[in-house]
Amino acid sequence: MKKNVKILPPLLILFLLSIRPATAQSILLRQASRTTATDRIQIFLRFSSLPLFKVETFGKRVDLILTNTLPTQSFKPLSGDGKLVKMITRRQAENLLLSLYFRYPPQHVRARKISETSSIILDIQLGNPLSARYPDLSARLHGLTPLNRKEIDFTNPVYASEYGTDWKLFIRTFEQPVSITPSFLFSLPPFPVAAAIKPVVATSVWLGEENIELIKESGWLQIAENVKGRLEKEENEGYRKRLLLTYAECLARADKYEEPYKLLQQITLTYPDTPLASYADILYTYVVAWHEDPFLAAISIRKQQKQLNANNPLLPWLNIFQAELALETGHPKRAVKILARDDIAYPKDANLLRLLRQADTYFASGETIKALIAYDKIDQDTPIINQHPRSLAQFSGTLYSHQRYGRAVKKYRILIQLLNGSDLQPLAMFRLGVSRLHNGEKWVKIIPLFSQIQNAFPGSEGNYRARIKLTDIKFLREIMDNDQAAETYGQIGITANRKSLREEAFVKQAMVNALAGKSEVSISQAMTILRDFRHGLLSTETKALIIAQLPAVLKKMINNKRYIDALVLAKQNRRFFAHGWLGIGLLFDLAHAYEQLGAYDRAGRVYQYILDVATGEEQEKAYIPMIRALYNSGQYDQVEDYGDQYFSRFPNSPAKAEVYLFRVKALRDSGDIQAAVRLLERADRPSSPEIEKTAARIFFDLGKWKKVISLLTDKKLSGWAGGERDYLLAESLFQKGQYEQAIPVFTRLAEEEPYGDQAMFRLAEIYEKTGKKDMALNQFKQLTEKGKEARWKKLAEEEIKILQLNPDISQIQ
């Protein structure tokens with residue numbers, strides 16, 4: 001009976017034959033990694049076995065053609081970074097094309113294979129704008145690299161702060177801006193406003209000579225009382241209107257609010273569309289500006305000014321008032337424009353006020369030098385500035401900021417008198433005190449002034465500023481010790497009424513502790529300041545305080561084995577590491593702390609970070625502890641990768657034996673024992689006692705007895721003594737049949753734990769094999785009597801039974 005046989009089409013057969021070698025025998029590309037330096041990149045490719053390969057360069061692209069190679073499913077191409085744009089893999093028939101794209105054409109590409117680990121290294125000297133511009137010069141000089149000078153990082157708070165790490169300089173010289181901003185003394189027209197009502201009548205006729213005399217003394221309430229009496233008697237309607245307006249004006253000038261507020265509105269409503277109503281409305285606007293809202297007043301005065309004739313005597317004063325409102329509402333540019341009008345004729349007194357307000361506009365616009373010149377000129381010509389608190393405060397502040405401390409002292413004394421009884425008086429007194437300090441007066445003469453502010457104005461801003469300054473002086477003059485100063489600053493930091501003053505006090509407290517050597521306390525306080533005063537005025541100085549102390553504190557913690565404390569503190573300040581503001585040495589200390597805690601994986605990551613940010617010697621220094629950490633964390637593949645990188649970059653390093661050892665051990669522990677053997681059998685491999693010991697152990701496990709004997713009898717391991725060494729040697733000699741040489745070694749080993757039982761058993765075997773059966777029997781019996789391990793005792797008993805079956809032995813017994 002015939003069986004049905006299916007015949008495959010010829011084309012399908014050819015297709016299957018064509019794909020079989022590619023699937024059954026292809027070399028696998030397992031992994032890609034890289035390491036970078038300033039002007040080069042090294043790419044490491046690991047395979048199941050070494051393929052044939054060819055490298056070609058096309059401008060910015062480097063192609064690596066790998067014969068009969070496939071990537072594994074887990075293979076991940078390298079991602080782009082600042083040096084490599086991208087990596088792409090694609091098939092070309094049975095080959096794998098791996099393409100690398102760079103930002104500039106590479107200057108030089110060299111490929112090298114490592115047979116022992118089935119790896120290929122691409123060492124690429126990167127291009128740059130210079131090499132791209134001068135390719136012929138780059139070729140002749142074997143590469144062009146831009147000069148990279150080591151520069152100071154001025155984003156680092158230690159360098160960004162004008163105080164650096166001189167904390168005493170900060171305590172002595174730091175000054176927060178002081179804002180002394182009295183309300184404007186708005187400029188009213190000359191008294192009385194009613195004098196401008198037409199027809200013009202001599203003021204003395206309707207107001208009276210006695211009231212005109214009181215004007216000089218600003219006796220506004222007395223004048224108001226007198227005017228009220230005249231109103232009751234006056235029969236002339238025109239005079240009565242003037243007196244009514246003047247009564248309201250006197251109350252307004254006397255800083256009264258409710259009565260003139262209502263009266264002026266009543267006048268406007270009672271006499272609509274008359275000059276009396278217009279002037280009452282203007283006075284009402286002054287009352288609103290003083291007591292309610294200068295923004296509303298600014299809107300009203302513009303309308304009222306437009307209603308006045310160009311020759312109205314009130315117009316210059318209203319224009320100045322409008323400029324004052326613009327300044328009061330934060331529009332200095334508008335004030336400049338208002339004061340620049342050239343269609344208004346200013347009388348002498350009004351012109352002085354106009355010049356003063358122009359100086360005020362310079363100050364408000366931040367043009368302090370122009371303001372200083374303008375104020376100074378006015379002050380030399382007239383004492384008007386001493387009558388206006390806002391202008392005097394600004395002039396005094398300008399003198400102070402431009403270090404004219406002598407004149408500032410005089411002006412602040414006058415300002416204090418103008419501000420007497422106001423909330424701003426203690427601030428002006430404080431500024432007087434620091435002006436006197438800067439002017440060269442002895443601090444002992446100024447302390448009473450600060451004490452007066454502290455005692456007379458509790459809870460005021462001036463009070464807290466004076467307390468801080470007093471503490472500064474006493475600490476710097478060593479009247480207060482560190483602990484007292486820190487405690488005082490801390491109390492001010494808790495109670496001060498302004499956030500900026502609390503921040504300053506706390507920062508100075510942390511600085512005093514730093515000066516006292518209490519760095520841990522200081523850092524903790526500085527960290528709290530950064531948390532509680534986000535975007536504070538002194539955040540740069542606070543960061544500098546931490547950065548300056550952190551390395552020594554962390555190092556001390558690590559030296560004292562306070563590893564967890566050190567790592568917690570470092571983690572809390574990790575942003576400073578991320579910015580590169582802390583030295584690489586500190587990262588080594590932190591990685592060491594992780595190692596001591598057994599957190600090898602984290603230690604490895606820290607070392608890998610060091611490789612990314614360090615250069616030259618620091619990179620070389622990081623490799624060995626990193627490879628050790630990776631090995632201890634069981635990341636054997638990475639040990640191999642970084643080991644290859646190390647030998648490629650530092651082939652003549654004195655520490656290469658240590659790295660080589662980790663590579664061998666990683667291969668052994670990962671189960672790739674044959675790769676480890678290939679490394680150990682290289683003729684040019686480095687040598688060290690630990691490498692030779694590891695080699696002896698590996699060859700022993702593989703039964704390569706001759707190699708073990710050769711290693712253990714070589715002078716390189718002459719310093720290795722003890723049970724393990726004797727065991728490896730004795731067992732190797734035994735397995736090679738070198739019994740005579742093995743006997744003395746096993747004899748020594750019989751006294752060593754845990755090798756004693758096995759050594760006794762091997763001695764008995766040697767005696768048996770060399771025809772000394774009586775000695776063998778006695779050795780086995782001794783093992784059964786003195787042995788500690790049941791396994792060897794049982795084997796010895798079985799050997800005794802076998803030997804006792806021998807007739808020669810029976811006769812001896």
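This is a working chat about local features and packing in a predicted model.

Me: Ground rules before we start, what are they?
Reply: The model is predicted, so local features need pLDDT of at least 70 and side-chain atom pairs count only at pLDDT 80 or more, while totals for chains, interfaces and linings use all residues. Residues are numbered from 1 along each chain as its sequence is written, and side-chain values use heavy atoms, with hydrogens and water left out.

Me: Start with Arg46. Where is it?
Reply: Arg46 sits in strand E2, residues 40-47. Strands (E, at least two residues) and helices (H or I, at least four) are DSSP runs numbered from the N terminus.

Me: Is Arg46 buried or exposed?
Reply: Arg46 counts as buried because its relative accessibility is 10%. Buried means under 20% relative accessible area, exposed over 50%, and partly exposed in between, with a 1.4 Å probe and protein chains only.

Me: Which side chain makes a polar contact with that of Arg46?
Reply: The side chain of Asp641, at 2.7 Å. A polar atom of the Arg46 side chain also lies 3.3 Å from the backbone oxygen of Glu640. A polar contact is a pair of N or O atoms within 3.5 Å; within protein, one must be able to donate a hydrogen and the other to accept it, and residues adjacent in sequence count only if both atoms are side-chain atoms.

Me: What else is Arg46 in contact with?
Reply: Leaving aside neighbours within four places in sequence, the contacts of Arg46 include Leu28, Arg30, Thr117, Ser119 and Asp644. Contact means heavy atoms within 4.5 Å.

Me: Switching to the nonpolar cores. How many residues has the largest?
Reply: The largest nonpolar core has 127 residues, and those with the most contacts inside it are Leu554, Phe577, Ile610 and Phe746. Helix H25 (residues 539-559) gives the most to this core, with 9 residues. A nonpolar core is a set of buried Ala, Val, Leu, Ile, Met, Phe, Trp, Tyr and Cys residues joined through side-chain atoms within 4.5 Å.

Me: What does Phe577 touch?
Reply: Not counting residues up to four places away in sequence, Phe577 touches Leu550, Leu554, Ala570, Leu582, Leu586, Leu587, Leu590 and Tyr609.

Me: And the second core, which residues does it include?
Reply: Phe191, Ala248, Ile267 and Ala297 are among its 53 residues, and this core is separate.

Me: What about H19 and H21, how do they cross?
Reply: The axes of H19 (residues 425-438) and H21 (residues 461-476) come within 7 Å and cross at roughly 25 degrees, so H19 and H21 are roughly parallel. Residues of H19 including Phe430 and Val434 meet a set in H21 that includes Ala466 and Ile473.

Me: Which non-glycine residues have a positive phi?
Reply: Ala93 has a phi of about 55 degrees and His535 a phi of about 60 degrees. Ala93 is in the loop between strand E6 (84-92) and strand E7 (95-102), and His535 is in the loop between H24 and H25. Ala93 is exposed at 72% relative accessible area, and His535 counts as exposed at 82%.

Methods: Axes fitted to C-alpha atoms, helices over the stretch in contact; angles between N-to-C directions. Parallel < 35°, antiparallel > 145°, perpendicular 65-115°, else oblique.
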